[in-house]
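I opened this entry to keep track of what I looked up, item by item, with the cut-offs written beside each term.

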2 protein chains.
Amino acid sequence: MFANMETLLPLKIETSIGADHVRLARLAKALSHPVRVFVLEFLSRRACCYSGDLSDLLPIAKSTLSQHLRELKDAGLIQGELEAPKVRYCLRRDNWEQARALFGDFLGLEA
Amino acid sequence: MFANMETLLPLKIETSIGADHVRLARLAKALSHPVRVFVLEFLSRRACCYSGDLSDLLPIAKSTLSQHLRELKDAGLIQGELEAPKVRYCLRRDNWEQARALFGDFLGLEA
DNA sequence: CATCCTGTTCGTATGTTCGCGAACATCGGC
DNA sequence: GCCGATGTTCGCGAACATACGAACAGGATG
């Protein structure tokens, strides 16, 4: 047997899955629900929108929408600011660009 | 109140989430784990590979890898053929192209 | 200050994902 | 016909995801 058996696993990790794989998977997870895809597409066209705009369009409870928005926020893809009684959501352009770059690289696409 | 209140929800569905949102979310879900991202990237470079090749590289149990491969197969992104004692996995180019098109459209990227 | 409007958070229920080892299936070779 | 090599499927527990309504928070407005 190998004396350094316990070192093999870390070696495997290094030589296979890297930070970009994890990052891309994290982004893909954020995109892994139709509602979140819709929200991102919606926001990528308009500059910003209110939570209520989305709630009017989507056939889900407000609490559910709020949860999806939080996931997008946690993934760094959107940001929300309290504005009067409403909440204004915008795309986070910096991370959106990073996402485009990562997916583009992975899929062999370009801007 | 509206007399046709019960028709509003289907209307919402039609006017918001469409088939492409669902399709993209389905693909994103397949990409939502680092191991699956790695496998796809690996396969997109080489034409095909054996399950054992991946097992040698990845720090996970074979049964776990098999599960991830099945998910990619269910998503239509890869195909596996039994070849002697091994299993040969290849990218499904047709659906891979469709995935590239969907993501490209969504992200505003071109081939 | 009470109220309304807009969203978020909480609690809960239900199902899905992830990882493993054990057991099983399949095929070539002895 | 049995064995070994290679993967898949099964069964399980822990963790996470999805959805909802009820309850809560914060700011404008009467």
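My notes below go from the DNA contacts to the chain interface and then to one hairpin.

**Ground rules.** I am working with a predicted model, in which local features need pLDDT of at least 70 and side-chain atom pairs count only at pLDDT 80 or more, while totals for chains, interfaces and linings use all residues. Residues are numbered from 1 along each chain as its sequence is written, chains are lettered from A and ligands numbered from 1 in the order in which they are written, and side-chain values use heavy atoms, with hydrogens and water left out.

**DNA strand C.** I first looked up which residues are near this strand, meaning that one of their heavy atoms lies within 4 Å of it. There are 22 residues around DNA strand C, and A:S66, A:Y89, B:R36, B:A61 and B:H68 come nearest.

I then went through phosphate oxygens of DNA strand C for polar contacts (pairs of N or O atoms within 3.5 Å). One lies 2.9 Å from a polar backbone atom of B:A61, and I also noted distances of 3.0 Å to a side-chain N or O atom of B:T64 and 3.1 Å to one of B:E71.

By element (helices are DSSP runs of H or I with at least four residues, strands runs of E with at least two, numbered from the N terminus), α5(B) gives the most to this surface, with five residues.

**Chain A against chain B.** With contact taken as heavy atoms within 4.5 Å, I find 35 residues of chain A touching 35 residues of chain B. The two chains bury about 3,300 Å² between them, 74% of it on carbon and sulfur atoms, where buried area is the accessible area (1.4 Å probe) lost on being put together, summed over both parts. On the chain A side, A:F106, A:L107 and A:L109 lose the most area, together 19% of what that side buries.

I counted zero salt bridges between the chains, a salt bridge being a side-chain nitrogen of Lys or Arg within 4 Å of a carboxyl oxygen of Asp or Glu.

Strands β2 (residues 78–83) and β3 (residues 86–91) of chain B pair in the antiparallel sense over six bridges, pairing requiring at least two bridges found by DSSP. B:L82 stands opposite B:V87 in β3(B). Two residues lie between the strands, and B:A84 takes a positive phi near 60 degrees in this hairpin.

How values were computed:
A polar contact is a pair of N or O atoms within 3.5 Å; within protein, one must be able to donate a hydrogen and the other to accept it, and residues adjacent in sequence count only if both atoms are side-chain atoms.
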